[in-house]
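I opened the model today to look up a few helices and side chains. My entries follow.

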Amino acid sequence: MNNTSDDYLNCRGNMSNASMILFVILNFFSGLAAFSGNTLVLAAVYYLRGHRKTSHYFLASLAVADLSVGVIMNPVLASKAVLSIWQGEHWLSKTADFMWLQTTTATALSLCAVSYDRYAAIRGVFSYQSLLTRPRAILIILTIWLFSILIGTSRLFIRNPNAHSVLWISSTLLTVIIPLLLIAYCYTKIYTAAKIQRQKIAENSLTRKQTRNSLKNKKAAYTVGM
């Protein structure tokens, strides 16, 4: 068992030079795309201060999570490939694992927040403003990031190789499976609510303001969903 643990802790990759170069290039362009794209999103949210909504805060949280992947995660993965480090207790491996867990959690939960925000907006056109206020949106975002950091930090204190598999399976359940189910649920409800509102619009049973808000929220929900 000790030999197995030692082998795991000192495990190194066997990438060929061509594979390593390709991997580094892909990480470079992936990081560049993440940096440029998400910087534009954050700039748009910043300059929309006069028209900022709670959905913009959730989109900004999502952009920051993806931006950190391009700025930190991609360079770390490229460095691991160059140094031929795969898994173990090397600081690059631990940093990569921490960032993988933290950013995946922050991204998935931010997507859940965006999906629920759009669901609340299209479900209750007028109650939405009182339900998701700016302080509540900020509190949700702080909770998302504190939880994601907690999940990522757990990797730094686990040295037993057998516990790593438990960590990755648990984190996959928390950061992929459950968020995916929540997002699917929200967008199923969004589709149902949009269908009902289309019928009401066709029957002229909504006021002009309700119709305008309904169409605007439906468009925003579909855009975010894509």
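I use buried for under 20% relative accessible area, exposed for over 50% and partly exposed for in between, with a 1.4 Å probe and protein chains only.

Ground rules. This is a predicted model, in which local features need pLDDT of at least 70, side-chain atom pairs count only at pLDDT 80 or more, and totals for chains, interfaces and linings use all residues. Residues are numbered from 1 along each chain as its sequence is written, and side-chain values use heavy atoms, with hydrogens and water left out.

Aromatic pairs. I searched the whole structure and got three aromatic pairs. Rings of Phe, Tyr and Trp (its six-membered ring) pair if their centres lie within 6.5 Å; planes under 30 degrees apart are stacked, over 60 edge-to-face and the rest tilted. One of the pairs is tyrosine 116 with tyrosine 119, which is tilted because the planes stand at 55 degrees, with ring centres 6.1 Å apart. These two tyrosines are three residues apart in helix H4, so about one helical turn separates them. Tyrosine 119 is buried, at 12% relative accessibility. I also noted phenylalanine 28 with phenylalanine 29: the planes meet at 75 degrees, so this pair is edge-to-face, and the centres are 5.3 Å apart. Phenylalanine 28 is exposed, with a relative accessible area of 52%.

Arginine 118. I place this residue in helix H4 (residues 91–123); helices here are DSSP runs of H or I with at least four residues, strands are E runs of at least two, and both are numbered from the N terminus. Arginine 118 is buried, at 5% relative accessibility. Its side chain makes a polar contact of 2.9 Å with that of aspartate 117 (N or O atoms within 3.5 Å, one able to donate a hydrogen and the other to accept it; residues adjacent in sequence count only if both atoms are side-chain atoms). Serine 55 is 63 residues away along the chain, yet its C-alpha lies 7.6 Å from that of arginine 118.

Helix H2. I counted 31 residues, 17–47, spanning 45 Å between end C-alpha atoms, close to the expected 45 Å (1.5 Å times one less than the number of residues). Its buried residues include Gly31, Ala34 and Asn38. Helix H3 (54–82) is among what covers them, contact being heavy atoms within 4.5 Å.
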